[in-house]
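Trainee: Hi, could you walk me through this one? I'd like the overall picture and then some local details.
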Amino acid sequence: MLGVYFHIPFCVKKCFYCDFYSIETEPKDLSLIHTEESYEIDESIANQFLSSLENEIKIRTNDSNKIEVDSIFLGGGTPSLLSPQHIKLLFQYINEYFQVSNSSEITIECNPGTITPEKLEVYKVVGINRLSIGVQSFIPEELKFLQRIHNSEDVFHSFKLAREFGFDNISIDLIFSIPGQKRENLIYSLSKAIELNPEHISAYSLIFEKGTPLYNEMKKGKIKPVDDNIDSELYEIVIDFLTDNGYEQYEVSNFAKNQKYCNHNLKYWHNQEYLAFGPSAHGFYKNIRYKNKRSLKTYINLLKSNTLPIDFEEFQDDKTKLTDTIFLGLRSDGIDFNKLMKNFKLDLRNIIKDEITFYKENDFIYENNDKIILTKNGYKICDSIAVEIITKIDQYFANRNFKLVN
Ligand code: SF4
């Protein structure tokens, strides 16, 4: 079944390192941060955005009956800034244009401090059953460096509130390899995270994305990224700490307890199709990968004239699909030889048999049910393994002038 993503492009304040598209709703009076007044999106902008979203859904699903979906993800930005009324309106559109399966996973990304009892009540009513909370760190200096607006108390408060409202599937995001990060600080954040006992934890190494203030400061020589060896050491701390505490690593950066994987992200990693709406959203539907324009203003204006806000579209040929399937599978729950044979008529096991032997001997992969899956050591060099495998496939095609059969 299809997944659906909505990009909600509002944040109270832009974080130093963030490359996601969002506009600030920062109050003029900074003392209002940490009060509910700071969390309101301008009513008229929110109304125009919601009505554009509806129009985009209508156009993109135009030729279909209600499409059946089993995962919905509200990401951003900070979707928890939407008012209860706007959340209700969004779900009214969702139910109008999609057939939402009863077993759907419905996630909303929330930032600590932006969740209120009124919002949680509405989340329950509309069927949201998974929260993803952007914690990043429990160390005040690190939060300050990242220019996050919240503190640890906000995290505990929001998490407790969500549990009180019966949310039993909560994910926490953490960031490591923050410049100057001490090992003990990372361990402290990890231990505070597991104290909350979330069902899921995502832990990402800080990326210096081009165009962000963080990247610009690095270019000026004011900030130095963490050295690669230390980054790898910190990553190992993350994996060891979380796996020792009952979290299964099921993707390079994702860990879950009791198989509470993020089903929506699994669709991406299994290279399945999904529809995406909102400024800067990326989708993959009917064999076409597309990206919407970033600017909210452009997005609204184009949709007012019933024009899709497309920035980029690309048809996925078989070769690209195969490469994506291998790359994404390797990062998550493995490369499935049977599926590759069934979908692409490709005997990958035979093509990379020498590599498989080498990776196994060096404890980078293991085999299970006709799949190769990365070990802890393998996850650390995931990208180089993927490149090696894809290069081998390219050579195979070049030698045989092979054409994929799909
Ligand atoms: S809250 Fe999230 S989306 Fe918003 S600026 Fe910060 S990192 Fe980016």
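This is a predicted model: local features need pLDDT of at least 70, side-chain atom pairs count only at pLDDT 80 or more; totals for chains, interfaces and linings use all residues.

Trainee: Okay, how many helices and strands does the protein have?
Mentor: There are 16 helices and 17 strands in the protein.

Trainee: And how does its radius of gyration sit against the globule rule?
Mentor: The radius of gyration is 22 Å, and the globule rule gives 22 Å for 406 residues, so the protein is as compact as a globular protein of that length. Along the principal axes, the C-alpha atoms fill a box of roughly 65 × 55 × 45 Å.

Trainee: What share of the residues counts as buried?
Mentor: That comes to 38% of the 406 residues. As for contacts with a separation of 6 or more, 72% are between residues 24 or more positions apart.

Trainee: Switching to the backbone: which peptide bond is cis?
Mentor: Look at the bond from Gly 76 to Gly 77, where omega is near 15 degrees. Gly 77 is in the loop between strand S4 (67-76) and helix H2 (84-97).

Trainee: What about Lys 345, where is that?
Mentor: Lys 345 is in the loop between helix H12 (337-344) and helix H13 (348-351). Its phi is near 55 degrees, a positive value in a residue other than glycine.

Trainee: Is Lys 345 buried or exposed?
Mentor: Exposed, because Lys 345 has 12 C-beta neighbours inside 10 Å, and a residue with 12 or fewer counts as exposed.

Trainee: And what is phi at Asp 363?
Mentor: Phi of Asp 363 is near 60 degrees, again positive in a residue other than glycine. Asp 363 lies in the loop between helix H14 (353-361) and strand S16 (365-368). Asp 363 is exposed, with 11 other C-beta atoms within 10 Å.

Trainee: Now the helix pair: at what angle do H1 and H10 cross?
Mentor: The axes of H1 (residues 43-60) and H10 (residues 296-304) cross at roughly 55 degrees and come within 9 Å. H1 and H10 are therefore oblique to each other, and H1 passes H10 in a left-handed crossing.

Trainee: Which residues meet there?
Mentor: From H1 you have Gln 48, Phe 49, Ser 52, Asn 55 and Glu 56, and they meet Leu 296, Tyr 299, Ile 300 and Leu 303 of H10. By class, this contact has 5 nonpolar, 3 polar and 1 charged residues.

Conventions
Residues are numbered from 1 along each chain as its sequence is written. Helices (H or I, at least four residues) and strands (E, at least two) are DSSP runs, numbered from the N terminus. The radius of gyration is taken over C-alpha atoms; the globule rule is 2.2 Å times the number of residues to the power 0.38. A residue is buried if 20 or more other C-beta atoms lie within 10 Å of its own, exposed if 12 or fewer, and partly exposed in between; C-beta atoms are placed from the backbone. Two residues are in contact if their C-beta atoms, placed from the backbone, lie within 7 Å. Axes are lines fitted to C-alpha atoms, for helices over the stretch in contact, and angles run from 0 to 180 degrees between N-to-C directions. Angles under 35 degrees count as roughly parallel, over 145 as roughly antiparallel, 65 to 115 as roughly perpendicular and the rest as oblique. A crossing is left-handed if the near helix is turned anticlockwise from the far one by less than a right angle, and right-handed if clockwise. Ala, Val, Leu, Ile, Met, Phe, Trp, Tyr, Cys and Pro count as nonpolar, Asp, Glu, Lys and Arg as charged, and the others, Gly among them, as polar.
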